[in-house]
Amino acid sequence: MEREQLEVDVLFVGAGPASLAGALHLSKLIEKHNASAEASEQIDEPLILVIEKGREIGSHILSGAVVNPRAFKELLKDFPGQEPPYEAPVDDDSLYVMGKEKAWRSPITPPPLKNKGKYVASLGKIVRWMAELCEESGVEVYPEFPAVELLFEDEAVKGVRIGDKGVDEQGQPKPNFEPGIDVLAKVTVLGEGVRGTLSLQAIRRLGLAKSSQPQIYAAGVKEVWQVPREVDPGNVIHTLGQPLGTKEFGGGFIYTMQDNMIDLGFVVGLDYEDPTTDPHGLFQEFKAHPWVRGLLKDGKMISYGAKAIPEGGYYSMPRPWAEGLLLIGDSGGFLDAQKLKGIHLGMKSGMLAAETILDCLKNDDFSSNRLSRFSKRFEASWAKREMWQVRNFRQAFQRGFFSGFVHAGLQFISGGRGLIDPMPTQAGHERMHRLAQHFSDGHKPDTWREFDNKLTFDKLESVFNADTAHEEDQPCHLKIADYDICNNRCTEEYGNPCQHFCPAHVYEMVEEEGASEDGGKKKLRVNFTNCVHCKTCDIMDPYQIITWTPPEGGGGPDWKIM
């Protein structure tokens with residue numbers, strides 16, 4: 001197929017804080033270089049492009065969020081008078097321990113959870129504001145541009161292919177068919193978020209993770225509520241305990257925002273043993289706790305979403321460079337799991353990428369040798385120092401809740417080392433138990449979660465509140481390599497955990513057509529139009545036969561205030 005080509009100098013994939021900070025910083029670095037350089041050393045004004053798969057900038061952005069302003073202070077030195085649209089400075093923070101019926105405020109807030117000097121924010125609002133700054137600075141920003149494939153020349157990255165539009169369920173062109181274009185770039189910067197499609201292509205083809213430990217992920221499920229009472233913005237609460245046991249990693253968060261809104265969510269480590277673990281269901285149980293129920297009394301849920309989080313830290317980071325390629329933000333694993341923060345680290349990675357690219361532009365050299373200086377810049381930065389201090393934190397909790405706390409304490413006083421450095425890591429899907437291993441009779445005991453769709457919501461109602469929409473007559477973007485494994489082996493061995501770990505009711509075991517009334521064999525149905533793009537299925541499938549790929553441009557959730 002003949003495809004249109006668009007040639008740019010620098011391409012950022014994904015319009016999150018990492019890419020937008022990188023594009024902004026690069027535009028200013030070039031401006032300042034040209035203002036002081038001799039005419040022969042001037043950089044011809046390069047074309048910098050940021051592409052985003054969502055229907056609008058910010059529509060696929062979800063975070064807590066408590067923002068460390070350090071990276072913004074650095075970035076905005078070149079933008080006098082500009083301030084991020086934070087909701088409020090953090091006024092109070094606390095840790096609560098949750099029992100079955102009561103919650104106790106800890107007399108001491110652990111230092112990593114102290115947030116004075118930081119801000120509660122809607123990350124969606126912030127990236128929309130950053131995108132406007134980018135456009136004012138001459139950076140092109142294109143939504144509804146889903147990159148589906150890296151373009152290579154030998155082992156050098158030459159750009160990306162945008163997904164076709166107007167293809168039916170059988171893969172045939174419809175009357176409105178538009179072939180995706182090839183965007184060619186001197187350097188492609190992948191800031192496409194956690195478990196990015198192109199990032200995985202690069203990591204696997206180029207062996208970028210062969211010297212890294214397996215990445216550890218968590219799934220965060222979040223809602224935004226508006227309550228009828230007066231709420232002072234800037235209160236930050238984190239919780240431990242119920243509804244999780246002592247083997248799982250995770251907890252809740254509750255942040256008060258402007259306009260009497262409350263952001264709350266629940267984070268579950270995607271390295272649990274019980275194959276029936278359901279992050280969405282655990283979050284609903286969290287809200288049903290009497291203490292949380294009281295905070296939400298007479299309120300209304302106005303938005304829902306879910307997102308995977310890369311928590312492995314320094315030792316789980318892939319090599320972030322290759323010929324024509326850089327990895328930044330969540331795509332590169334830039335996150336501090338102990339402090340539950342990655343926005344400032346992602347932004348700093350984007351800015352370090354910009355400084356590396358400026359050097360490449362000045363020398364007209366985008367080789368892996370010159371791009372490898374990105375790693376040297378990171379190693380010399382405050383971002384590396386912060387991540388080094390917590391390099392073994394998340395690994396410690398793969399040994400259980402109480403053991404994790406002991407190790408985390410030792411790491412805190414030893415600058416991140418602890419007793420074992422590096423502490424070994426196991427991929428989350430490998431830790432999942434089979435039914436026969438986890439339950440004494442080989443079957444999950446019956447449990448019942450009753451949803452009233454006022455305080456607690458079933459998955460379909462939650463998806464409705466994510467404003468998720470996909471063109472239904474298109475190929476399923478969730479690629480399953482072998483349905484026979486799903487319908488037979490997985491049913492017997494794991495009980496089809498995709499039904500549980502997906503927070504959007506995408507995966508459903510249904511009776512085969514013509515089955516008898518008393519039940520027959522079930523097969524997997526993929527309700528891909530429900531997908532909220534969290535990537536949990538790609539991460540936790542025990543056989544690793546599910547591959548998440550971008551759907552047709554603009555498809556997915558439409559978050560305004562997440």
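Two strands count as paired here if DSSP finds at least two bridges between them. In this predicted model, three strands meet that condition in an open sheet with the order E3-E7-E4, and their pairing is antiparallel. Strand E3 (66-67) and strand E4 (88-89) are the edge strands, each pairing on one side only. E3 is joined to strand E7 (residues 119-120) by two bridges. Because the cut-off is at least two bridges, the two bridges between E3 and E7 are enough for a pair. Within this pairing, Val66 has Val120 in E7 as its bridge partner.

Strands of a sheet pair through backbone hydrogen bonds, either parallel or antiparallel. E14 runs antiparallel to strand E18 (residues 300-310), and 10 bridges join the two. E14 also runs antiparallel to strand E17 (residues 261-269), here with nine bridges. Gln226 takes part in both pairings: it stands opposite Lys300 in E18, and its bridge partner in E17 is Met261. Nine of the 10 residues of E14 are buried, so the strand is largely enclosed by the rest of the structure.

The C-alpha atoms of His280 and Pro503 are 5.1 Å apart, although 223 residues separate them in sequence.

Aromatic side chains are the next topic. The model has 22 aromatic pairs. One of them is formed by Phe334 and Phe374, whose rings are 6.5 Å apart centre to centre, with 55 degrees between the planes, a tilted arrangement. This pair links distant parts of the chain, 40 residues apart: Phe334 lies in the loop between strand E20 (325-327) and helix H7 (343-363), and Phe374 lies in helix H9 (residues 373-379). The angle of 55 degrees makes the pair tilted, because stacked needs planes under 30 degrees apart and edge-to-face over 60. Both Phe334 and Phe374 are buried. Elsewhere, one aromatic cluster is formed by Phe249, Phe393, Phe397, Phe401, Phe402 and Phe405.

The charged end of Arg391 sits over the ring of Trp388, 3.9 Å from the ring centre. Lys535 lies over the face of Trp548, at 4.6 Å from the centre of that ring.

Val406, Leu410, Phe412, Ile413, Leu419 and Ile420 make a nonpolar patch of about 590 Å². One of these residues, Leu419, belongs to the loop between helix H12 (401-413) and helix H13 (428-431). Leu419 is exposed because its relative accessible area is 57%, and the exposed class begins over 50%.

Key: Residues are numbered from 1 along each chain as its sequence is written. This is a predicted model: local features need pLDDT of at least 70, side-chain atom pairs count only at pLDDT 80 or more; totals for chains, interfaces and linings use all residues. Side-chain values use heavy atoms; hydrogens and water are left out. Rings of Phe, Tyr and Trp (its six-membered ring) pair if their centres lie within 6.5 Å; planes under 30 degrees apart count as stacked, over 60 as edge-to-face and the rest as tilted. Helices (H or I, at least four residues) and strands (E, at least two) are DSSP runs, numbered from the N terminus. Buried means under 20% relative accessible area, exposed over 50%, partly exposed in between (1.4 Å probe, protein chains only). A charge sits over a ring if NZ of Lys or CZ of Arg is within 6 Å of the ring centre and within 35 degrees of the ring normal. Patches are made of residues with over 30% relative accessible area and no salt bridge: like charges are joined within 9 Å, nonpolar side chains (Val, Leu, Ile, Met, Phe, Trp, Tyr) within 5 Å. Accessible areas come from the Shrake-Rupley method with a 1.4 Å probe; for residues, only the protein chains shown count as cover. A salt bridge is a side-chain nitrogen of Lys or Arg within 4 Å of a carboxyl oxygen of Asp or Glu.
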